[in-house]
Amino acid sequence: MAKGLDVGTMNLISAQQDGNDTVFVQQRNSFVEIEYSDMAERMLSRSDVLHIRKDEDVYVLGDDALNFANIFNQETRRPMSQGILSSDEQSAIPMMKLIIEQVVGSPDHPNEKLYFSSPADPIDSDLSTLYHQKTIQSFLNDMGYDAEPINEGMAVIYSDLADNNFTGLGISFGAGMTNVCLSYYAVPVMKFSVARGGDWIDEQASTATGKPVDKVTSIKEGDFELDFETDVGGVEGALSIYYENLLDYVIGKIQEEVDEEDIEEGLDVPVVVTGGTSSPKGFKKLFEQHLEDASIPFSISEVQHADEPMYSVARGSLVAARSEEEETGHSGSEEAEEEEEVEADD
Ligand SMILES: Nc1ncnc2c1ncn2[C@@H]1O[C@H](COP(=O)(O)OP(=O)(O)OP(=O)(O)O)[C@@H](O)[C@H]1O
Ligand SMILES: [Mg+2]
């Protein structure tokens with residue numbers, strides 16, 4: 001067996017194979033700190049709420065954090081910002097460790113292969129992904145996995161461009177970042193990220209309209225559509241404006257980053273757009289329209305929108321882990337059996 005893990009600014013999602021199906025487990029990458037009380041105790045004991053107690057405080061993690069935050073009138077906190085561990089959040093590492101443990105579970109056998117997504121270094125900020133990547137890798141290894149990072153854009157290619165010989169442009173529009181990767185027969189020829197995504201859209205639209213960010217996010221994730229007829233002056237109008245701005249920004253950066261010397265003459269490839277931020281109806285059409293106005297030094301055969309935009313990166317990470325396992329010809333289970341034998345001898 002092998003596993004994939006999408007380590008995202010907003011969502012942590014694992015993928016594993018069960019027969020012909022891929023099974024995903026998902027949690028919000030978020031937590032809330034509440035004071036311990038009888039009411040908290042009752043709420044926590046009622047269900048399988050992911051939490052830990054530390055003296056007089058309780059931390060509720062993952063999907064339930066938001067409910068508890070509303071009830072106890074607290075703000076949720078996020079361990080990651082702009083694609084990597086947040087330096088402003090003291091509790092980032094222990095909190096993420098707990099959520100990840102819940103999402104991936106224990107390895108099926110020692111040194112089970114696991115690929116986790118990691119962003120490319122952003123070209124528009126000083127942030128470095130190295131510390132983030134090494135930290136996540138070390139706690140997955142401590143759990144007993146053989147963990148390797150996979151570039152987030154490359155994971156999109158593995159997930160959604162298998163039918164095209166893993167050739168094309170993959171773009172993951174996430175919460176903290178947008179990751180771009182151009183791959184030619186499974187070899188990345190260009191990869192980069194920009195430190196803008198859904199969070200950036202929310203913050204800009206919130207500043208423009210004076211509405212709280214959480215309110216803007218819930219409108220955006222509700223029935224908001226990019227239909228070009230949205231109300232000018234309202235939150236939806238502001239969201240549309242910043243969506244268009246993000247697309248122009250990303251397409252502009254692709255133009256800048258492509259090195260024509262790396263591009264085969266006559267290259268004609270599909271583009272896959274995915275990630276939570278690509279969810280609203282009309283996104284693909286808007287992307288196509290903005291792409292038409294750009295001058296990219298290779299031709300685009302078509303724009304595809306991933307079937308399940310939230311799951312592309314986790315699925316692609318799983319594809320990479322499984323193919324690595326096949327290539328090396330052992331799943332680690334032999335080692336596991338040997339270890340068991342040694343233990344039995346003792
Ligand atoms: N239905 C929806 N409509 C619009 N936006 C959505 C929808 N569902 C989720 N989103 C947005 O998608 C983003 C989360 O997407 P995703 O899970 O791909 O990001 P992530 O992988 O956690 O972040 P990153 O890759 O940047 O680290 C958030 O900004 C969220 O508000
Ligand atoms: Mg992501």
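By class, the shell around ligand 1 is made of 14 polar, 5 nonpolar and 4 charged residues; here Ala, Val, Leu, Ile, Met, Phe, Trp, Tyr, Cys and Pro count as nonpolar, Asp, Glu, Lys and Arg as charged, and the others, Gly among them, as polar. Please keep in mind that this is a predicted model, in which local features need pLDDT of at least 70 and side-chain atom pairs count only at pLDDT 80 or more, while totals for chains, interfaces and linings use all residues. Residues are numbered from 1 along each chain as its sequence is written, and chains are lettered from A and ligands numbered from 1 in the order in which they are written.

Let us stay with the ligand for a moment. There are 23 residues around ligand 1, and G8, T9, G174, G198 and G276 come nearest (a residue is near a molecule or strand if its C-beta atom, placed from the backbone, lies within 6 Å of it). Helices here are DSSP runs of H or I with at least four residues, strands are runs of E with at least two, and both are numbered from the N terminus.

The domain bounds come from an automatic or database domain assignment. Taken over C-alpha atoms, the centres of domain 1 and domain 2 are 25 Å apart. The contact between them takes 23 residues from domain 1 and 24 residues from domain 2, with two residues in contact if their C-beta atoms, placed from the backbone, lie within 7 Å. On the side of domain 1 that touches domain 2, β7 (80-81), α5 and α10 (312-328) each supply at least two residues. Of these, α5 gives the most, with 5 residues. By class, this side of domain 1 has 11 nonpolar, 9 polar and 3 charged residues.

Now for the sheets. Strands of a sheet pair through backbone hydrogen bonds, either parallel or antiparallel. One open sheet has 5 strands in the order β3-β2-β1-β9-β10, with mixed pairing; two strands pair if DSSP finds at least two bridges between them. Its edge strands, β3 (21-28) and β10 (145-151), each pair on one side only. On average, neighbouring strands of this sheet are turned by 20° against each other, direction ignored. Strand β2 (residues 11-18) runs antiparallel to β3 and is joined to it by 8 bridges, and D18 has D21 of β3 as its bridge partner.

Helix α4 (residues 130-142) lies across β1 (2-7), β9 (112-118) and β10, running at about 155° to β10. Helix α5 (residues 152-160) packs on the sheet as well, touching β9 and β10, and its direction makes about 95° with that of β10. For such angles, axes are lines fitted to C-alpha atoms, for helices over the stretch in contact, and values run from 0 to 180 degrees between N-to-C directions.

Another open sheet has 3 strands in the order β4-β6-β5, with antiparallel pairing. Here β4 (31-35) and β5 (51-54) are the edge strands, each pairing on one side only, and the twist averages 20° from one strand to the next. Strand β6 (residues 57-61) pairs with β4 over 5 bridges in the antiparallel sense, and D57 in β6 stands opposite E35. Helix α3 (residues 92-104) packs on this sheet, touching β4, β5 and β6, with its direction at about 50° to that of β6.
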